[in-house]
Amino acid sequence: MLKDITLGQFFPGKSILHKADPRMKIILTLLYIVAVFMSSSIVSYIVTVAFTVILAVISRISVRVILKGLKPLLFIMLFTAFFNIFWTKGESEPLFAYGIIKIYKEGIIFAVLMIVRVACVLTGSSVILTYTTSPIALTDGLERLLSPLKKIKLPVHEFSMMMTIALRFIPTLIEETDKIMNAQKARGADFSSGGLIKRTKALLPVLIPLFASSFRRAGELATAMECRCYRGDKGRTRMTQLKYKPVDLLLLLIMVAYGAGVVLSNIYLGNLIVL
Amino acid sequence: MEKPFIKLEDVSFSYESGEEGPVKMLLPPILKRINLEIARGSFVAILGHNGSGKSTLAKLLNLILFPTEGKIYLDGKDITDENMTEDDVYVVRRKIGMVFQNPDNQLVATVVEEDVAFGPENLGVEPAEIRRRVDRALETVGMSEFKKHSPHQLSGGQKQRVAIAGIIAMLPECIVFDESTAMLDPKGRKEVMDTIVRLNREKGITVLHITHNMEEAFRADRVIVISDGEISLDGTPREVFSNVGKLRTVGLDVPQVTELLYELKSMGYDEVDYTETDEEKCAEMLAEIIKSQKGR
Amino acid sequence: MNALELKDITYTYSKKTPFESKALDGVNAFFEQGKVNGLIGHTGSGKSTLVQMMNGLLKPDIGQVVLLGKDIWEEPKKIRQIRFQCGLVFQYPEYQLFEETCEKDIAFGPKNMGLSEDEIRERVRSAAEFVGLDSTLLKKSPFELSGGQKRRVALAGVMAMEPSVLVLDEPAAGLDPIGRTEIFGGIRGYQRAKGNTVIIVSHSMEDVAEYCDNLTVLKNGRVLLSGSTGEVFRHEKELVSSGLGVPQITRFMRLLRERGVECADNIYTVEEALREVKRLLEERRGENA
């Protein structure tokens with residue numbers, strides 16, 4: 001059933017990454033992505049891969065899950081790698097030549113590094129953030145991280161409230177879509193034959209009731225929220241208080257050390273193995 | 001005499017028609033000059049068929065709707081006064097909580113305990129105090145073990161209990177249940193009804209339970225029947241259900257046993273007391289009557 | 001004769017995932033031609049899954065669904081035709097309305113069947129009549145109607161396909177007594193006029209007692225009891241233990257029997273109870289006279 005899909009791909013657990021403050025994890029993810037893209041030498045790539053593997057291990061997310069997460073992007077990765085191989089021109093003699101097709105050593109290296117980089121960014125940001133942080137903690141972290149922006153009248157609270165409600169209602173709406181589709185199928189609706197236009201048109205009997213019911217839900221929810229004294233973030237407190245813990249500092253130090261490692265190996269060890 | 005907790009004085013309500021014009025056009029009234037007093041700590045069932053105006057009445061009490069005419073007093077204070085500030089309105093909403101019909105459309109957060117915390121958070125309660133209230137509220141409705149669950153993993157009855165916990169955490173004096181059991185299966189219905197009764201008996205919360213289920217109305221201390229925007233019956237469950245004929249004309253059912261006894265009485269078996277509401281006692285009485293026929 | 005037979009149906013949701021759950025486990029159920037059949041069971045008993053087996057929205061892992069003597073999965077490509085023969089009305093069907101007018105919405109099913117304009121118009125008219133919808137309402141948008149009216153439009157939408165078997169999942173859920181009577185009246189009218197088979201899924205013992213000839217009771221994905229309504233309601237203990245019950249009047253008659261009154265044990269409507277009590281009272285009077 002559609003109901004079973006997990007949202008935001010969060011895997012509950014007790015690892016150090018699960019325990020870290022969501023605000024810190026957002027910062028760490030940004031730092032990590034910057035560092036990965038700064039890597040420009042073989043040594044810094046090795047550092048990056050090693051670091052990513054360590055992150056994955058301490059997150060205790062299973063290898064299977066991580067590989068599954070990479071799968072959707074596998075095609076794009078291979079596709080760009082393929083173009084890199086054929087389009088990159090090297091200075092040395094081509095390794096392989098057939099007519100106008102020439103493959104250089106640089107092309108292959110470039111393609112491999114590209115795959116490694118994308119795979120690292122994906123894996124790393126997933127284990128730091130999406131796999132180990134519940135969607136609610138994520139929105140919460142984002143709201144508090146961005147709360148200084150409220151001063152310049154950016155609707156940070158409203159945005160995070162919208163996110164929370166969206167997350168809350170996605171499973172409900174998926175279930176509802178399923179129900180309405182079945183109800184229309186029972187009246188002979190056909191969603192699976194005909195061309196694109198016919199199929200799109202066939203969806204109207206699903207979309208119209210779905211919209212109607214979403215509006216109804218929105219109206220009822222708004223009333224219910226008003227009855228619970230909601231009036232934006234005016235005078236609002238929060239039950240869960242976010243506090244940076246030693247764990248967060250530790251993770252930050254590790255991340256900084258990794259970033260420094262990348263920068264230093266780019267500068268000093270960049271020539272150790274020549275591309 | 002003690003001031004009534006809630007008092008409605010000549011309250012009428014009509015929706016405005018959508019058409020723009022120099023004079024406000026009103027649609028036919030949904031509530032007509034309602035006068036009503038509700039005592040603190042009572043458990044009142046409000047019955048009526050769909051469209052009778054019973055849900056409108058509920059929405060007037062916490063100022064989601066505003067009466068077209070008449071006044072509503074809460075603890076002797078006129079809450080329909082023009083000078084009510086926004087803060088005053090929120091005080092009323094905290095005191096009179098509302099639980100709605102569709103359990104899905106009143107939960108806000110993706111985690112049960114976060115949802116229960118929503119009300120107190122809006123009220124600006126201290127974090128540690130919110131924690132305590134949330135834990136206590138979930139315990140009261142028997143949902144503590146589900147506090148880390150996501151609402152969509154729960155059954156209808158469980159969701160509705162979470163919604164109730166969300167209201168209790170605001171420490172209300174009165175809770176209005178607007179057909180909160182209508183969409184539930186019998187098991188969910190029972191869970192929610194038991195919770196409501198407990199809140200009233202143990203926590204002393206005033207309960208207004210809007211329903212069209214007779215068996216639920218039996219559990220209240222007072223039943224008010226609304227029909228076409230007017231109060232047509234008001235009394236103890238026993239008094240109200242003895243008006244079988246009138247209940248039928250306003251489109252409500254009576255319990256099957258009451259119906260049976262009522263029919264017997266109207267056939268001329270005068271010994272039958274159809275106002276008895278306890279099944280066992282009814283059986284006792286009817287068995288006696290059947291046996292005593294022999295002695296005549 | 002049986003209009004619909006479910007033979008040895010087994011079905012598991014989300015196979016090979018951590019969410020795997022067996023919804024139906026060897027269900028054998030039969031629904032008699034031309035009768036109103038009730039299907040009862042508490043939430044999670046497998047009722048909703050079973051209902052979706054009937055018109056081929058779900059395909060059983062094991063077992064056969066035989067509609068009017070024919071296995072519905074014999075030609076999987078023609079499964080859409082099955083939906084016209086076995087009409088299914090879901091819970092809260094008013095949420096499926098989508099057309100500009102009620103008329104068009106009711107015509108959606110017949111149109112999908114490929115009927116002629118005239119035939120469609122006739123079907124819409126007669127379906128609206130069954131559920132007691134006024135012809136002025138037919139020109140209105142379904143979104144303007146009251147809850148009870150919307151429910152009846154949705155019901156008419158399925159009736160207009162004139163299915164041989166009409167399956168309704170909780171047709172009266174959330175309605176007040178007037179709304180319930182109207183809906184059940186419409187269903188009964190359809191069944192009598194067409195002589196077709198009706199299957200009603202319900203939680204309300206009072207409703208199935210009043211409207212159903214036969215009952216099938218589901219518990220944990222298996223059939224617990226089946227038979228005529230009177231027979232099934234004799235098993236008060238089993239019903240109560242599976243989270244159901246018997247109509248209040250049936251329970252009351254048992255209480256009378258326990259108090260030494262010799263009354264029949266297959267009473268499940270107020271009407272029957274009244275007749276029985278009257279008989280007892282008059283019998284006694286007669287003896288005394």
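Biologist: Is Asn62(B) buried or exposed?

Modeller: Asn62(B) is buried, at 0% relative accessibility. Buried means under 20% relative accessible area, exposed means over 50%, and partly exposed is in between, with a 1.4 Å probe and protein chains only. One caution on the model: it is predicted, so local features need pLDDT of at least 70 and side-chain atom pairs count only at pLDDT 80 or more, while totals for chains, interfaces and linings use all residues. Residues are numbered from 1 along each chain as its sequence is written, chains are lettered from A and ligands numbered from 1 in the order in which they are written, and side-chain values use heavy atoms, leaving out hydrogens and water.

Biologist: Where is the place of Asn62(B)?

Modeller: Asn62(B) sits in the loop between helix H1 (54–61) and strand S4 (69–74) of chain B. Helices (H or I, at least four residues) and strands (E, at least two) are DSSP runs, numbered from the N terminus.

Biologist: And what does Asn62(B) touch?

Modeller: Leaving out residues up to four places away in sequence, Asn62(B) touches Cys227(A), Val92(B), Arg93(B), Ile96(B) and Met98(B). Contact means heavy atoms within 4.5 Å.

Biologist: How is chain B divided?

Modeller: Domain 1 is 38–68 + 81–237, and domain 2 is 255–296. Their C-alpha centres lie 37 Å apart. The bounds come from an automatic or database domain assignment.

Biologist: Helices next. At what angle do H3 and H4 of chain B pack?

Modeller: About 120°, with their axes 9 Å apart. Axes are lines fitted to C-alpha atoms, for helices over the stretch in contact, and angles run from 0 to 180 degrees between N-to-C directions. H3(B) and H4(B) are therefore oblique to each other. Under 35 degrees counts as roughly parallel, over 145 as roughly antiparallel, 65 to 115 as roughly perpendicular, and the rest as oblique.

Biologist: Which residues meet there?

Modeller: From H3(B), they include Val112(B), Val116(B) and Pro120(B). From H4(B), they include Ile130(B), Val134(B) and Leu138(B).

Biologist: What about Glu284(B) and Arg259(C)?

Modeller: They form a salt bridge too, with the closest N and O atoms 2.8 Å apart. Glu284(B) is in helix H11 of chain B and Arg259(C) is in the loop between H11 and H12 of chain C, so the pair joins two chains. Glu284(B) is partly exposed at 40%. Arg259(C) is buried, at 17%.

Biologist: What does Lys139(C) pair with?

Modeller: Glu103(C), in a salt bridge of 3.0 Å, N to O. Lys139(C) lies in the loop between H5 and H6 of chain C and Glu103(C) in helix H3, so the pair ties together parts that are 36 residues apart in sequence. Lys139(C) is exposed at 59%, and Glu103(C) is partly exposed at 27%.

Biologist: Which residues of H3 in chain C are buried?

Modeller: Cys102(C), Asp105(C), Ile106(C), Ala107(C), Phe108(C), Gly109(C) and Pro110(C). Their cover includes helices H7 and H9 of chain A, together with H2, H4, H5 and H6 of chain C. Just after H3(C), Gly114(C) takes a positive phi of about 80°.

Methods. A salt bridge is a side-chain nitrogen of Lys or Arg within 4 Å of a carboxyl oxygen of Asp or Glu.
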